[in-house]
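Here are my notes on the model, point by point. Please keep the structure open while you read.

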Amino acid sequence: MRILHVLDHSIPLHSGYTFRTAAILREQRKLGWETFHLTSPKQENCTVAEEDIDGLHFFRTPPAQGWMAGKPVLGEIALIDATARRLEEVARRIKPDVLHAHSPVLNAIPALRVGRKLGIPVVYEVRAFWEDAAVDHGTSKEWGLRYRATRGLETYALKHVDAVTTICEGLRGDIVARGVPADKITVIPNAVDIEKFTVGAEPDRALQASLGLEGKTVLGFIGSFYGYEGLNILLDALPMMLREKPDIRLLLTGGGHQEAALREQAAALGIADKVVFTGRVPNAEVPRYYDLVDVLVYPRLPMRLTELVTPLKPLEAMAQGRLVAASDVGGHRELIQPDVTGVLFKAADAADLARQVLALVNQPQCWPQMKADARRFVETERNWAKSVGRYQGIYPRLINGAAR
């Protein structure tokens with residue numbers, strides 16, 4: 001079985017998107033399938049037609065050219081056209097059994113175009129809705145004209161592909177509400193490579209000392225600093241927690257367009273010396289940073305994107321045997337059983353965040369059981385072998401249908 005995946009971007013770029021992709025591809029190969037991989041023109045700093053990264057071969061798409069490139073709406077059309085041209089070229093060369101497009105819809109439309117032309121069934125995997133991500137990035141207004149047009153394009157793709165996959169029940173419910181038959185949709189949940197995470201490792205004392213965290217109670221966030229992550233709420237809560245527990249420090253590992261604003265906020269609150277910004281770290285080094293943290297905090301804000309989409313980072317923290325506290329948005333409620341595998345607090349409520357996290361910090365006798373329950377959940381329910389195994393109910397059915 002030969003699967004041609006159509007991707008927005010891939011490794012060596014680092015994001016939850018690229019890590020999920022790489023995990024899916026490697027797990028599919030363990031099942032004996034041949035996987036091929038094409039990225040869109042949005043692969044940054046890429047000037048080659050093909051390249052090998054970490055044992056995976058990627059076909060690249062040149063940037064869109066001409067007067068339409070870079071212009072609102074017209075730029076997206078140019079991007080779709082460029083991806084479709086390159087996809088057809090690659091598909092004719094490798095002759096895949098299935099085209100599997102991954103979010104955003106800018107990949108689904110080229111896959112549909114090429115799939116219909118060449119008689120290849122198309123799967124579309126929704127990881128988030130492009131229109132909702134655009135709202136957070138400030139390029140679209142919720143339910144504005146551009147938002148509704150993008151949503152319409154997304155719904156068109158969902159109704160016309162041969163099968164839909166998505167990462168969580170929240171997104172599945174939204175897709176069904178658009179008129180897509182429920183039996184056409186399969187949830188392939190986010191998961192982790194459990195063997196890459198070790199429970200009970202001692203903190204790296206040299207790293208701990210270099211960050212000024214020796215003898216401190218450490219709260220942490222590891223990930224990208226997007227606006228919807230709500231890190232401003234976490235900073236607002238920190239002075240309240242410091243009044244009761246002055247030894248608390250906040251470790252923020254990662255980066256993003258919110259970083260400058262967060263640094264300014266910490267300074268304005270008078271807590272700059274209590275917050276450690278590490279910048280981005282190599283993915284292989286992430287477990288060392290998890291082991292410095294007592295409680296990982298995920299204060300996502302309430303909005304369509306966070307209510308519908310489950311994040312990956314809390315699962316990584318659970319796999320590493322760390323305590324997790326998160327806002328009660330829908331994406332977190334799918335992952336965390338309150339007071340069993342973690343703690344939930346009211347979204348966008350700094351005071352409740354402070355209360356719930358302090359309560360957890362002050363009950364160390366509960367930590368071993370909570371850590372064990374969280375790790376067990378990941379081991380049994382959110383491992384990549386179990387998650388990717390669900391594709392076995394999709395691809396063969398589509399290939400047999402195409403053959404008929």
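1. Start with Ala-348. This residue is partly exposed, with a relative accessible area of 43%. (Buried means under 20% relative accessible area, exposed over 50%, partly exposed in between, with a 1.4 Å probe and protein chains only.) Ala-348 sits in the loop between strand E14 (343-345) and helix H14 (350-361). Its phi is positive, about 65°, although Ala-348 is not a glycine. (Helices are DSSP runs of H or I with at least four residues, strands are runs of E with at least two, and both are numbered from the N terminus.)

2. A word on the basis. This is a predicted model, where local features need pLDDT of at least 70, side-chain atom pairs count only at pLDDT 80 or more, and totals for chains, interfaces and linings use all residues. Residues are numbered from 1 along each chain as its sequence is written, and side-chain values use heavy atoms, with hydrogens and water left out.

3. Overall build. The protein chain has 17 helices and 14 strands. Its radius of gyration is 22 Å, close to the 22 Å that the globule rule gives for 404 residues, so the chain is as compact as a globular protein of that length. (The radius is taken over C-alpha atoms; the rule is 2.2 Å times the number of residues to the power 0.38.) Along its principal axes, the C-alpha trace spans about 65 × 45 × 40 Å.

4. Packing and surface. Of the 404 residues, 58% count as buried. Take the contacts with a separation of 6 or more: 71% of them join residues 24 or more positions apart. (Contact means heavy atoms within 4.5 Å.) The protein chain exposes about 16700 Å², and carbon and sulfur atoms supply 53% of that area. (Areas come from the Shrake-Rupley method with a 1.4 Å probe; for residues, only the protein chains shown count as cover.)

5. Charge. There are 50 positive and 48 negative side chains, and the centres of the two sets lie 4 Å apart. (Lys and Arg count as positive, Asp and Glu as negative; His and the chain ends are not counted. The charge is placed at NZ of Lys, CZ of Arg, CG of Asp or CD of Glu.)

6. Is strand E9 enclosed or open? Seven of the eight residues of E9 (residues 217-224) are buried, so this strand is largely enclosed by the rest of the structure. Eight bridges join E9 to strand E10 (residues 248-255), and the two run parallel. Thr-217 has Ile-248 as its bridge partner in E10. (Two strands pair if DSSP finds at least two bridges between them.)

7. Two glutamates to look at. Glu-154 lies in helix H5 (residues 145-160) and counts as buried, at 0% relative accessibility. Arg-178 is 24 residues from Glu-154 in sequence and 9.9 Å away in space, C-alpha to C-alpha. Glu-44 is in the loop between strand E2 (34-39) and strand E3 (50-53). At 53% relative accessibility, Glu-44 counts as exposed.

8. Backbone checks in the loops. Asn-45 is also in the loop between E2 and E3. It is exposed, at 79% relative accessibility, and its phi is near 55°, a positive value in a residue other than glycine. Which peptide bond ending at Pro-12 is cis? The one from Ile-11, with omega near 15°. Pro-12 lies in the loop between strand E1 (2-7) and helix H1 (16-30). The Ser-103 to Pro-104 bond is cis too, with omega near 5°. Pro-104 falls in the loop between strand E5 (98-102) and helix H3 (105-118).
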